[in-house]
Amino acid sequence: NKHKVLIKPDIELIDAINLSEKLYKISNGSFDITIQPLWNSFSSGKKVNTDGIGFNNIDITSKKIILINKNTEITMNSMAQGILTDRIHEILLNSGIKNHLINFGEGRTSGINPFIKKWQLYLDKKYIDITNKAFSVSESKSTVLPNNKSHLFNAKICDSALNIPDKTTVIARNATLADGLSTTYAVSDELTRKNLIKAFPKEKFIIT
């Protein structure tokens with residue numbers, strides 16, 4: 001963010017930004033990783049500068065990432081835990097540890113639970129099978145900013161999203177995707193949420 005350019009970015013970051021662009025398009029701009037200026041302003045009380053907000057301000061290739069606008073800053077808060085979870089999952093598998101559960105709020109399972117065979121997520125007073133799957137939970141009040149607004153931003157209105165579900169849980173094929181989908185659903189309007197579910201029919205959305 002400081003230098004506006006990153007040479008030889010890690011593949012995890014490239015993949016995450018490419019997924020972010022897909023979610024940006026599906027959500028008609030509600031989900032956007034260029035909302036870091038909102039974090040900065042809302043946490044400091046300073047006036048919001050929206051000039052750099054917009055995915056069109058990111059130029060990405062396999063060799064470098066450039067933030068075109070001098071005011072553009074990105075945040076991977078919507079995917080960072082998912083990325084870390086997936087990376088740890090790979091490390092464990094490559095180390096021969098096939099049966100495991102990783103949980104950072106975003107989580108992923110592999111193999112069998114040594115006690116009850118299947119890995120399960122307890123949600124809304126029932127158990128959901130998450131064996132060999134990943135999950136993410138986005139909660140409207142998990143982080144409340146100094147201005148008493150949610151940390152879940154809708155980039156289209158340059159403000160905290162409206163009508164955020166108390167808890168959005170997504171079960172997906174990997175944690176990065178689950179993380180991005182739960183955030184996108186939480187910050188979008190009802191029509192966009194329906195389109196999101198249609199675009200990812202193999203993933204499970206649980207709203208409470």
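Biologist: Why is Ser 41 called buried?

Modeller: In this predicted model, Ser 41 has a relative accessibility of 8%. The cut-off for buried is under 20%, so Ser 41 counts as buried.

Biologist: Thanks! Where does Ser 41 lie, and which residues is it in contact with beyond its sequence neighbours?

Modeller: Ser 41 lies in helix H2, residues 36–44. Leaving aside neighbours within four places in sequence, Ser 41 is in contact with Lys 46, Lys 47, Val 48 and Asn 49.

Biologist: On to charged pairs. What makes Arg 87 and Glu 90 a salt bridge?

Modeller: Their side chains meet at 3.3 Å, N to O. A salt bridge needs that nitrogen within 4 Å of a carboxyl oxygen, so the pair qualifies. Both residues lie in helix H3 (residues 80–94), three residues apart, about one turn of the helix. Arg 87 and Glu 90 are also linked with Glu 12 in a network of salt bridges.

Biologist: And why is Arg 87 called partly exposed?

Modeller: Arg 87 has a relative accessible area of 37%. Buried is under 20% and exposed is over 50%, so Arg 87 falls in between and is partly exposed. Glu 90, with 41%, is partly exposed too.

Biologist: What about Glu 190 and Arg 193: how do you know that they form a salt bridge?

Modeller: Their closest N and O atoms are 2.7 Å apart, and the limit is 4 Å, so this pair counts as a salt bridge. Glu 190 and Arg 193 are three residues apart in helix H5 (residues 190–199), about one helical turn.

Biologist: Are these two partners buried or partly exposed?

Modeller: One of each! Arg 193 has a relative accessible area of 4%, and since buried means under 20%, Arg 193 is buried. Glu 190, at 47%, counts as partly exposed.

Biologist: Which parts does the salt bridge of Lys 149 and Asp 159 tie together?

Modeller: The two side chains meet at 2.9 Å, N to O. Lys 149 lies in the loop between strand E8 (134–139) and strand E9 (153–154), and Asp 159 in strand E10 (residues 159–160), so the pair ties together parts that are 10 residues apart in sequence.

Biologist: Last one: which residues touch the most other members of the largest nonpolar core?

Modeller: Of its 28 residues, these are Ile 17, Leu 23, Ile 33, Ile 58, Met 79, Leu 181 and Leu 196. Helix H4 gives the most to this core, with six residues.

Terms used. Residues are numbered from 1 along each chain as its sequence is written. This is a predicted model: local features need pLDDT of at least 70, side-chain atom pairs count only at pLDDT 80 or more; totals for chains, interfaces and linings use all residues. Side-chain values use heavy atoms; hydrogens and water are left out. Helices (H or I, at least four residues) and strands (E, at least two) are DSSP runs, numbered from the N terminus. Buried means under 20% relative accessible area, exposed over 50%, partly exposed in between (1.4 Å probe, protein chains only). Contact means heavy atoms within 4.5 Å. A nonpolar core is a set of buried Ala, Val, Leu, Ile, Met, Phe, Trp, Tyr and Cys residues joined through side-chain atoms within 4.5 Å.
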